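Please examine the structure shown below, together with its sequence. The paragraphs after it lead through selected features.

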Amino acid sequence: MKAPAGVDPSTPSVARMYDYYLGGKDNFASDRQAAEKIIEILPNLRDVARENREFLIRTVGYLSEQGIRQFLDIGAGLPTQRNVHQVAQELAPESRIVYVDNDPIVLVHARALLAENDRVVVVDADVRDPAALLAHPDVRAHLDFSRPLAVLLLGVLHFIPDDDEAMGIVATLKAALPDGGHLVISHGSLGELSEEQESEGRQVFSRTSVPGTTSRSYAQVLAFFEGLDVLEPGVVPLQDWRPTLDQSLVREGKAGALGGVGRKADPQV
Ligand SMILES: C[S@@+](CC[C@H](N)C(=O)[O-])C[C@H]1O[C@@H](n2cnc3c(N)ncnc32)[C@H](O)[C@@H]1O
């Protein structure tokens with residue numbers, strides 16, 4: 001693939017590494033090398049990435065069935081098969097989606113794919129400044145925060161290693177949710193890794209597009225939903241969130257990622 005303007009092919013990008021785990025073609029040699037090193041440490045990572053996409057499809061499909069017509073997808077990633085807008089607009093063509101990412105290659109590809117879909121916009125913003133993200137004119141113009149909407153944080157909070165920072169980001173986004181709004185999170189949760197594995201992983205990520213990465217426990221992922229009603233079945237390994245027969249991917253070994261959906265309750269009457 002030729003690097004589009006503004007894209008540095010020599011620094012591995014977590015968006016392009018994820019594309020490689022999923023079997024995509026939008027990645028460079030530096031991404032593939034870094035991704036292969038991570039796969040050596042976490043041999044089931046490709047399955048986890050696929051489960052994460054299946055979780056996205058099931059949660060967006062579920063929310064669409066519940067009448068949600070607005071989605072703010074933060075850390076959206078490179079377009080792949082069945083993106084949020086395709087799942088949501090399949091059920092309800094009027095659904096409006098804002099994709100947010102801070103990786104230039106994601107912005108180039110997503111804008112090219114979506115040029116003719118006026119119900120979808122792509123915004124260059126950083127989740128580490130959630131107030132600026134929420135105030136972005138394109139976000140405000142495209143979404144109505146007084147009506148139900150869903151904020152998606154799929155596979156992105158583990159790139160915010162500082163716990164207080166991650167909690168603060170989520171708190172700001174939850175505060176912006178209207179009553180009846182939803183928050184969907186998926187997050188790497190790798191169980192026990194040896195010190196050697198952790199240090200090797202840290203070294204690989206230190207050379208990529210993100211400041212670092214971290215795994216979080218069940219209790220830590222659950223804590224992100226504080227103040228919301230967590231929908232059944234709760235915070236669970238991704239493959240256990242309302243699996244459908246044709247989507248359940250049976251896999252040996254420890255959970256690789258956890259996820260859940262929270263809903264902001266309607267005010268008491
Ligand atoms: C593992 S991919 C997940 C893609 C998609 N959400 C999914 O779950 O399939 C993580 C994405 O988060 C983006 N990302 C990482 N740090 C970010 C930040 N600080 N602000 C916005 N996006 C970020 C990366 O560029 C990448 O596209």
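The account below turns to the ligand shell, a pair of helices, and the backbone of several loops.

The structure is a predicted model, in which local features need pLDDT of at least 70 and side-chain atom pairs count only at pLDDT 80 or more, while totals for chains, interfaces and linings use all residues. Residue numbers start from 1 along each chain as its sequence is written.

The ligand is surrounded by 21 residues, and the closest are Ala 15, Gly 75, Gly 77, Leu 154 and Gly 155. Helices here are DSSP runs of H or I with at least four residues, strands are runs of E with at least two, and both are numbered from the N terminus. Sorted by class, the shell comprises 11 nonpolar, five polar and five charged residues. In this scheme Ala, Val, Leu, Ile, Met, Phe, Trp, Tyr, Cys and Pro are nonpolar, Asp, Glu, Lys and Arg are charged, and the others, Gly among them, are polar.

Two packed helices are described by the angle between their axes and the distance between the axes. The axes of α1 and α2 (residues 29–41) come within 9 Å and cross at roughly 70°; axes are lines fitted to C-alpha atoms, for helices over the stretch in contact, and angles run from 0 to 180 degrees between N-to-C directions. The helices α1 and α2 are therefore roughly perpendicular to each other, a term for angles of 65 to 115 degrees. In the contact between them, Arg 16, Met 17, Tyr 20 and Tyr 21 of α1 meet Asp 31, Arg 32, Ala 34 and Ala 35 of α2, contact being defined by C-beta atoms, placed from the backbone, within 7 Å. This contact of α1 with α2 has five nonpolar, no polar and three charged residues.

Which residues have a positive phi although not a glycine? Arg 82, in the loop between β1 (70–74) and α4 (84–91), has a phi of about 55°. Arg 242, in the loop between β7 (236–237) and β8 (257–263), has a phi of about 40°. Arg 82 counts as partly exposed because it has 15 C-beta neighbours inside 10 Å, and Arg 242 counts as partly exposed with 15 such neighbours. Partly exposed lies between buried (20 or more other C-beta atoms within 10 Å, with C-beta atoms placed from the backbone) and exposed (12 or fewer).

The peptide bond from Glu 232 to Pro 233 is cis, with omega near 5°. Pro 233 belongs to the loop between β6 (229–230) and β7.

Definitions and conventions: Near = placed C-beta within 6 Å. Parallel < 35°, antiparallel > 145°, perpendicular 65-115°, else oblique. Contact = placed C-beta atoms within 7 Å.
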